[in-house]
Amino acid sequence: MKRFEPGKPFAFCALGVALVLALTACSPSSPPPGSQAEPTFKSEPNSFGGFLFGAPLPEDSELVLLSETGRIRYFNRPYEEFIIGETVIREIIYGVVDGQLFGVLLTFRTIAAYEEIKEILFHEHGTGSRVAADPTSMEYVWDGKDVTLRLSYDETIREGQIAFTYKPLSGLVEQLVKEFSEQQEKEAEAASPPPEKPEATRTDEPG
């Protein structure tokens with residue numbers, strides 16, 4: 001089982017369009033109002049699990065295809081295990097566009113795990129930028145030169161996410177997702193039968 005160790009390069013970047021949205025949402029255009037983020041992204045990672053961001057995946061990577069959306073594909077390693085502090089990561093999904101790694105998404109459970117991971121990330125990468133001005137927000141972003149990190153927790157579904165995206169490929173991914181979604185909508189409209197015309201209402205009554 002792999003364990004995260006501070007000081008070692010690592011990256012954390014769940015399927016279909018939903019995964020892409022989770023990954024591409026990591027790149028804010030500017031810090032949110034009232035942000036207390038540090039001006040630098042300390043120890044910005046350039047890889048995860050031995051895979052370089054923006055590079056082709058090696059053929060012997062043991063990755064298994066989960067889903068694909070046009071030129072975008074999603075993989076995992078079924079027997080991969082990863083620990084951050086005392087938190088066991090539930091799942092790791094790799095996002096690939098045209099064969100190049102553009103993001104990695106990790107999911108975990110419990111609010112206690114979120115608090116532990118937040119402290120570890122703050123120590124390793126500096127204080128993150130809170131996405132919302134609301135002081136109760138449980139979403140932080142670290143915006144680096146090439147990589148963006150996002151940490152979030154949803155109390156409704158009791159699930160947290162750690163996502164890393166490779167910024168040089170994020171624009172391409174967003175464009176491909178948009179084009180794919182539009183094509184799917186067009187095909188759905190073409191396949192659906194035309195609405196039936198309502199029968200004319202009779203206004204004459206028998207005399």
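The model is a predicted one, in which local features need pLDDT of at least 70 and side-chain atom pairs count only at pLDDT 80 or more, whereas totals for chains, interfaces and linings use all residues. Residues are numbered from 1 along each chain as its sequence is written, and side-chain values use heavy atoms, with hydrogens and water left out. By the Shrake-Rupley method with a 1.4 Å probe, in which only the protein chains shown count as cover for residues, the chain exposes about 12100 Å², of which carbon and sulfur atoms supply 51%.

The chain holds three helices and 13 strands, taken as DSSP runs (H or I of at least four residues for helices, E of at least two for strands) and numbered from the N terminus. Strand β5 (residues 72-76) has four of its five residues buried, and it is therefore largely enclosed by the rest of the structure. Strands are treated as paired if DSSP finds at least two bridges between them. On this basis β5 runs antiparallel to strand β4 (residues 64-69), to which five bridges join it, and Val 64 stands opposite Asn 76 of β5. Two residues lie between the strands of this β4 and β5 hairpin, where Gly 70 takes a positive phi near 65°. Strand β5 also pairs with strand β8 (residues 91-97), in the antiparallel sense and over four bridges, with Phe 75 placed opposite Tyr 94 of β8.

A nonpolar core is understood here as a set of buried Ala, Val, Leu, Ile, Met, Phe, Trp, Tyr and Cys residues joined through side-chain atoms within 4.5 Å; the largest has 42 residues, among which Tyr 94, Phe 108 and Ile 162 touch the most other members. Helix α2 (residues 111-125) contributes the largest share of this core, six residues.

Aromatic pairs were assigned where ring centres of Phe, Tyr and Trp (its six-membered ring) lie within 6.5 Å, with planes under 30 degrees apart counted as stacked, over 60 as edge-to-face and the rest as tilted. This rule gives nine aromatic pairs. The rings of Phe 108 and Tyr 153 are stacked, because their centres are 6.3 Å apart and their planes stand at 20°. This pair links distant parts of the chain, since Phe 108 belongs to strand β9 (residues 100-109) and Tyr 153 to strand β12 (residues 147-154), 45 residues apart. Both Phe 108 and Tyr 153 are buried. A tilted pair is formed by Tyr 140 and Trp 142, at 6.4 Å centre to centre and with 40° between the planes; Tyr 140 counts as buried at 6% relative accessibility, and Trp 142 does so at 3%. Phe 48, Phe 51, Phe 82 and Tyr 94 form one aromatic cluster.

Lys 118, in helix α2, is buried with a relative accessible area of 13%. Leaving aside neighbours within four places in sequence, Lys 118 is in contact (heavy atoms within 4.5 Å) with Tyr 140 and Leu 151. Thr 148, in strand β12, is buried with a relative accessible area of 0%. The side chains of Thr 148 and Asp 143 are joined by a polar contact of 3.0 Å, the term denoting a pair of N or O atoms within 3.5 Å, of which, within protein, one must be able to donate a hydrogen and the other to accept it, while residues adjacent in sequence count only if both atoms are side-chain atoms.

Terms used
Buried means under 20% relative accessible area, exposed over 50%, partly exposed in between (1.4 Å probe, protein chains only).
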